[in-house]
Amino acid sequence: MNRSKRRTGRRHPLATVALLALGLVFTGGAYAAISSGTAAQAEAEPTSQQTIEEGKKLFQANCATCHGLEAQGTGTGPSLIGVGAASVDFQVGTGRMPMQMQGPQAQEKPVQFTDEQVKQLAYYVASLGPGPDIPEDHLVDGGGDAANGAELFRINCAMCHNVAGAGGALTEGKYAPPLTDVSGVHIYEAMVTGPQNMPVFNDLNISPEDKRDIITYLKYVQDNRSPGGFELGSLGPVAEGLFIWIFGLGAIVAITVWITAKSN
Amino acid sequence: MSTATSPNGTQPKQSFTSAASVYVNERTSLAGFVKELGRKAFPDHWSFLLGEVALFSFVVVLITGTFLTFFFQASMAEVHYDGSYVPLKGVEMSVAMASTLDISFDVRGGLFVRQMHHWAALLFIAGIGLHMLRIFFTGAFRKPRELNWVVGFVMFILAMGEGFTGYSLPDDLLSGNGLRIIDGMIKGMPLIGTWTSFLLFGGEFPGTAIVGRLYTLHILLLPALLVALVAIHLLYVVVHKHTQYAAPGKTQLNAVGPPILPTYAAKAGGFFFIVFGVLALIASFFTINPIWNYGPYDPSPVSAGTQPDWYIGFADGALRLIPPGWEFVWLDRTWSFNILVPLIVLGGFIVMVLIYPFIEAWVTGDKREHHIADRPRNNPTRTAIGAAGVTFYAGLWAAASSDILATHFSLTMEGVIHALQATVIVGPFIAYFIAKRVCIALQKKDREIVLHGFESGRIVKLPGGEFIEVHQPLDEYDRWKLVSYDSYQPLMLRPNARGKITVGQRVRAAVSRWFFEDRIAPVTRAELEAAHALHHAPAPAGELEAAQSSQH
C-alpha cells in the first residue's frame, strides 16, 4: 500500500538516464553536424581567405620562430615560399613539424594539430608561392597495379627503405623510416616533395600513375600478412640468424639438457 | 645364434621379432656386428648431443631438399610470372625464381617445406658451430682425435658452401646481390680474378649459367662430400670411443655411459624426432627468406638491410669494416686491398682453426692419448685463445648487421663501424686476458675447495667467543672431478743429440712458456693429506659424516 502510493507520485527511476541520453544525443548530433560542416567547408575552399588567415595565425604562433614571420626562412629554418601544400601536409601531418629537436633529421612524433589546422597551415604556405599540391584521392587510394609498383619500388626506393618497406640506415645517424604504417597521401607527398634526406621524385621522373602503383604495392604489403608466418620485422637474414641461434638452438639445447638430465 | 628344435621336429612357438632376426641373421651374419656396436657405451652429457643436432638437422635438410628438387627448375631462361602472388604478376624473371615462387604459392605444402629446408640449414650450421666450440673448449680434439677435428672442420666449410649455393638458387634480388659480392671478391684477386669470374659465371656477371652450376654443386657434389665425411666422422667416433668428463670410474681406457642398444639408440632416435618437430614448428610459424618481397634479380636495385645468411655474415662484416681508400692504381692495374686484406685475414683465421690441434700438440709435446675431456678452466691458455677467437668472429659477424644495429639502437652507422673495428682488433686481446684470469681464478677456487672444503653457511660460535664459518669437506666423488686433470709445465730448453739448440726449439720453448707459465697445479695427494690433517684432527668423524649426508 505504502509502496504503491509512493510510486504514483514519482517519475520512473530510469527517466533521468533517458533524459540525459536524449540530451547527449542532441548536443552531440548538433556538434557533429556543425563541425563536419566546417570541415567540409575548409576542404571545399582551400584558397578561401578565411582558411589562409587561420593558417597564417597558426604559422606565426608555431612555425615562425625558425621559418620567419613571412615564411621567408631564418638561420635555423629554410624558406617555405614555394614548397607547396603537399610539403606542409606531410611534415606537419606526420608530426615531424614542429620539430622536436635539432638532429640528423626530423623525427616522427604525435601529430600536434587537427586535420583542419594542418590543412589551414598547408594552404597558407601554398598561398605564398606555387608548389606541389595535396594529391587527389584517386592517386592515393591503392587501386593501381601492385606488380608495376613493386618493381618501381625496388628500383627507386628499396635501397633506403628496404624491399618490404621496413626502413634502413643512412650515413651520420640519418635513416629512411619504415613505411609499414604510412598513409597513401603522405607517401605521395613524400615522393613529390622529398622531405628530410629523401630525393624528390617529380612527375617526369615517376608519373602520377606510377606513384599510384607504388602506393598500391605498399598498401598490399601493409594489408597482407606474410604468407610464411611471422615476418620477424621483415629485416632479412639478420633477424633470421638471431632467431635460429636464440630460439631455435636455445630450444634444442634446453631439450638436450632435459634428455640427459634423465640419465640416471 | 642357434635355433632349438624340439625332438619331434615341430618348431617351438617363436615371436615374430625373434623369427625375423633369425631369418635376417642366417643370411647376413649381422648379429656379431649389432652385438659389438650395440654394446658401445655413450657417455651422457647434454653437450655431447650438439653434434647430433647438426646431424639430425642435416637429415631434415636432405629430406626437405629432395622434395624441393621435384619442383625447382634451375634455369635462367626469362619468363613472365603468372602465379598467384599478385605483386609479381607479369613481372619478367628467371624460371628459377618463378619455380621457387610456385613452390611457395602454388605447390601444396611447398612453402612449409621450403621454409623448413632453410630453417634446418641455419640450424645445421649453428649446430656445427656450437658442437665445434664444445670440442675446442674441452680439448676433445687432442690425440687421437686430431684428424676427426679436421674432418669436422672441413664439413663446416662445406656446409657453408651448401648454404651459400642454396641461398643463391632462387635467383632473387637478395641472393643476386650476394653473388655480386662474391663476383667482386673474385675479381679483386690480382691476375687470376677476372679469368676466374668469367669461368665461374660463363661470361660477364650475371650471365645465364650460374644458377644451373650452383644447383649441380648444391644437390650433387657438396651433399655427396658431406655424406661421405659424416660417415668418416661417425666411424672415427666409434673407433676412438666418445670422450667423457672426469669422474670416479672413468679412465683413459674406458667409456662409461648407457650402451647404444637399447637406451642410447632410443634416446637418439627420439631426439631426431624432437629436432624434426622443432624445425617443423618454426617453419610453420616464422617466415624465412621471403623471396616474394625481394623480387627477381636485377643488377641495378639493392635493398637496404641486404645481408647474407648468418654463417656468411663474418665475411660480409670483414668487408664492411675495411676503412675507405685501400684501393689504388699501380702499374696500370687496380689493386683492391679492401678485398684482398679480408680474404687473407679470414683465410689465415680459417687455417689456424683447422690446424689448431697440431699446434697445441707441438707446444705440449704430449704424445699420450686423451679420452677425458678437459674442463675449460683447467687449460686457461687454450680457453683464452678460444675466447679471443670467438670475440674476433663475433665482431666480424656483428659488422654484417651494422646498418640494422644503427637504425634499431638509434646510432650512427659510422659510430657502429668504428666501435666494431675496435672490437675486432682490440677485443680479442681483452677477451684473452679476461678469460685467462677468470680460468685461473676458478682453478684457485677449486683448489681451495679441495683443500679446505666449501663454505657451508653454518656460523658457529666457539667457547672463546670467536665466530667461524664451518667449511665442509668434499666427498671423494666430487673431489675426484676437481683434482684429476693434466697440468703442463713449460718445456725446458735442452740441447739436442748434437749438442745444439735449434731455432725451432727456441720458438717451441717460447710458445710453451707463453702457454703454461701461469699455471695452477692440481692438488696432490700429499697436499690433500696435509690439509686434512690440519682440519680434521679436532673434528669427530661422526659429525663430519652427518654433515656430508645432510648435504645430499
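In which loop of chain B does B:Leu331 lie? In this predicted model, B:Leu331 is placed in the loop between strand 4 (327–330) and strand 5 (333–336) of chain B, where helices (H or I, at least four residues) and strands (E, at least two) are DSSP runs numbered from the N terminus. Although B:Leu331 is not a glycine, its phi is positive, at about 55 degrees, and with a relative accessibility of 59% the residue counts as exposed; here, buried stands for under 20% relative accessible area, exposed for over 50%, and partly exposed for values in between (1.4 Å probe, protein chains only).

Residues are numbered from 1 along each chain as its sequence is written, while chains are lettered from A and ligands numbered from 1 in the order in which they are written. Because the model is predicted, local features need pLDDT of at least 70 and side-chain atom pairs count only at pLDDT 80 or more, whereas totals for chains, interfaces and linings use all residues, and side-chain values use heavy atoms, with hydrogens and water left out.

Chain A contains 11 helices and two strands, and along its sequence these elements follow the pattern α-α-α-α-α-α-α-α-β-β-α-α-α. Of the 264 residues in chain A, 42% are buried. When contacts (heavy atoms within 4.5 Å) are taken between residues of chain A at least 6 apart in sequence, 59% of them join residues at least 24 apart.

Within chain A, A:Ala71 is located in the loop between helix 4 (64–67) and helix 5, and its relative accessibility of 0% places A:Ala71 among the buried residues. Apart from its neighbours within four places in sequence, A:Ala71 makes contact with A:Phe59, A:Ser79, A:Leu80, A:Ile81 and A:Leu128. A:Tyr188, by comparison, is 117 residues from A:Ala71 in sequence and 24 Å from it in space, C-alpha to C-alpha. A further loop of chain A, between helix 5 (84–93) and helix 6 (115–128), holds A:Pro98, and the peptide bond that joins A:Met97 and A:Pro98 is cis, with omega at about -10 degrees.

A search over all chains of the structure finds zero disulfides, a disulfide being a pair of cysteine sulfur atoms within 2.5 Å. For A:Cys66, which is in no disulfide, the nearest cysteine sulfur is that of A:Cys63, at 8.9 Å; A:Cys66 is itself partly exposed, at 31% relative accessibility. A:Cys160 is likewise in no disulfide, the nearest cysteine sulfur being that of A:Cys157, 8.8 Å away, and the relative accessible area of A:Cys160 is 27%, which makes it partly exposed.

Chain B has 21 helices and eight strands, and its C-alpha atoms fill a box of roughly 90 × 90 × 65 Å along the principal axes. Buried residues account for 45% of the 552 residues of chain B, and among its contacts with a separation of 6 or more, 74% are between residues 24 or more positions apart.

The loop between helix 9 (210–240) and strand 3 (244–245) of chain B includes B:Thr243, which is buried at 4% relative accessibility. Leaving aside neighbours within four places in sequence, B:Thr243 is in contact with B:Pro43, B:Phe48, B:Arg134, B:Ala140, B:Arg145, B:His371 and B:Ala373. B:Lys241 is also found in the loop between helix 9 and strand 3; this residue is not a glycine but has a positive phi of about 70 degrees, and a relative accessible area of 25% makes B:Lys241 partly exposed. In the loop between helix 8 (193–201) and helix 9 of chain B lies B:Pro206, and the peptide bond from B:Phe205 to B:Pro206 is cis, with omega near -5 degrees.
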